[in-house]
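Please read this note with the model open beside you. The points can be checked one at a time.

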Amino acid sequence: MEFGIQFFPDVGPQHKAAEQYFEEALALVDLVDPLGYSHVRIVEHHFHYYGGYSPNPIVFLAAAAARSKKARMITGAVLPAFNNPLKLAGEIGMLDGISGGRLDVGFARAFLPHEFRRFGVSPDESVGRFREGLEQVRRLLEEENVTDLGQFHQITETTTYPRPTQQPRPPFYVAALATPSSFEFAGTAGHNVMCVPMLGAAMEQLISIYREARAKAGHPGKGEVMLAHHMFCHPDGKKAVEIARPQLDAYLKSLVDGASDWLGGMSSSDYPGYDKIITAMQKENTDTQIAKGAAWIGTPAEIIDNINMYQEETGGFEHATMQVNFHNLDYTEAERSMRMFAEEVMPVFGQGVNT
């Protein structure tokens, strides 16, 4: 299993200025190569302190690629519903070149009703826009002189530039939450899958659905699964929870606040049961996240036990992408946590500074 870091800025001006947030985030990126982390990942969200500091992950990853010369750069994830595939394919080709062919591209459907409303896009078009957009971007990266007359975007005899550095294109990930059809789609299409196990979903079953769909479609290998976890490592287990609890609880609150339209009667055929999902998220806190293995918080030994437990429960996965500076966590604490995790946890799993 490989370990990398991800950024999900659940802050606004009332918490931290953008200049400070990105100065600290890029300082953490500076630690990635010396400490042996495998990737840097960041989200796309808009208009709200839940993710809104990262409206374009490609911008941040271009800066990160200049700071790290070894790690993969991962969009986690871009949103086809709000992006023209012609522009997105060009930006992907550009970042693939800037990074020297170290880009992985994650795509997601988006799930926040306020984003759909502000972009003037119907949530009922979410699946259609996602699948059409992903396929059009794939064709634009792999092919030249593309014609693809889709429902939402019409492309006629177009070649996007720059052409991708990786051939035929950078690897793709499909973001999924807890819907079996999303995992099946990723496997059938032959893409990798990234997901967030915050609700303690039956990840073993969902990962199996993905692997089986991939094999049934005839794709080589078993694919790659990336799971996202909050991580805070500290020499004192009780102190670790004490420091992390207000920050992780605030992150969970920001998620519910950003998705609150689902609790006010909002519904969509493309998002069945999302009112129940967000209702369940209201009950989550730091203690429940640790118990479910979604948050790795504690001493190195405690985190090693938690990782082993979660690997066993899920049947194994290839990549852990860890949020290391969630909400308003002090930079010095985040840096110390990253260093301790790399020095004392990662070597147990064959990665890090001591391997």
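1. The model is predicted. Everything that follows should be read with that in mind.

2. On the α3 side, the contact is made by Ile58, Leu61, Ala62 and Ala65. On the α4 side, Leu88, Glu91, Ile92, Leu95 and Ile98 take part. Sorted by class, this contact of α3 with α4 has eight nonpolar residues, no polar ones and one charged residue.

3. Met203, Glu204 and Ile207 of α8 meet Tyr310, Glu313 and Thr314 of α12. The classes in the contact of α8 with α12 are three nonpolar, one polar and two charged residues.

4. Aromatic rings deserve a separate look. The whole structure contains 21 aromatic pairs. In one of them, phenylalanine 3 and phenylalanine 349, the ring centres are 5.7 Å apart and the planes stand at 65 degrees. Planes over 60 degrees apart count as edge-to-face, so that is the label for this pair. Phenylalanine 3 belongs to strand β1 (residues 2-7), while phenylalanine 349 lies in the segment after α13 (331-345). The pair therefore ties together parts that are 346 residues apart in sequence. Both phenylalanine 3 and phenylalanine 349 are buried.

5. Phenylalanine 22 and tyrosine 53 give a stacked pair, because their planes are at 25 degrees, with the ring centres 6.4 Å apart. Phenylalanine 22 sits in helix α1 (residues 18-29), and tyrosine 53 is in the loop between β2 (39-42) and α3. This pair ties together parts that are 31 residues apart in sequence. Is each residue buried or partly exposed? Phenylalanine 22 has 22% relative accessibility and counts as partly exposed, whereas tyrosine 53, with a relative accessible area of 15%, is buried.

6. Aromatic residues also form a cluster. One such cluster is made up of Phe47, Phe82, Phe116, Phe119, Trp262, Tyr271 and Tyr274.

7. Which residues does leucine 31 contact, leaving aside its neighbours within four places in sequence? They are Glu335, Met338 and Arg339. Leucine 31 is placed in the loop between α1 and α2 (32-35). Although leucine 31 and methionine 338 are 307 residues apart in sequence, their C-alpha atoms are 8.2 Å apart in space. The relative accessibility of leucine 31 is 9%, so this residue counts as buried.

8. The last point concerns glutamate 318, which is found in the loop between α12 (300-314) and β11 (319-323). Buried means under 20% relative accessible area, and glutamate 318, at 17%, therefore counts as buried. Its side chain makes a polar contact with the side chain of arginine 211, at 3.1 Å. Not counting residues up to four places away in sequence, glutamate 318 touches Met1, Glu2, Arg211, Lys222, Gly223, Glu224 and Val225.

Definitions and conventions: Residues numbered from 1 in each chain as written. Predicted model: local features only at pLDDT ≥ 70, side-chain atom pairs only at ≥ 80, totals over all residues. Heavy atoms only, no water. Contact = heavy atoms within 4.5 Å. Helix = DSSP H or I, 4+ residues; strand = E, 2+ residues; numbered from the N terminus. Nonpolar A, V, L, I, M, F, W, Y, C, P; charged D, E, K, R; others polar. Buried < 20%, exposed > 50% of the residue type's maximum accessible area, 1.4 Å probe, protein only. Polar contact = N/O pair within 3.5 Å; in protein donor to acceptor, adjacent residues only side chain to side chain. Phe/Tyr/Trp six-rings, centres within 6.5 Å; stacked < 30°, edge-to-face > 60°.
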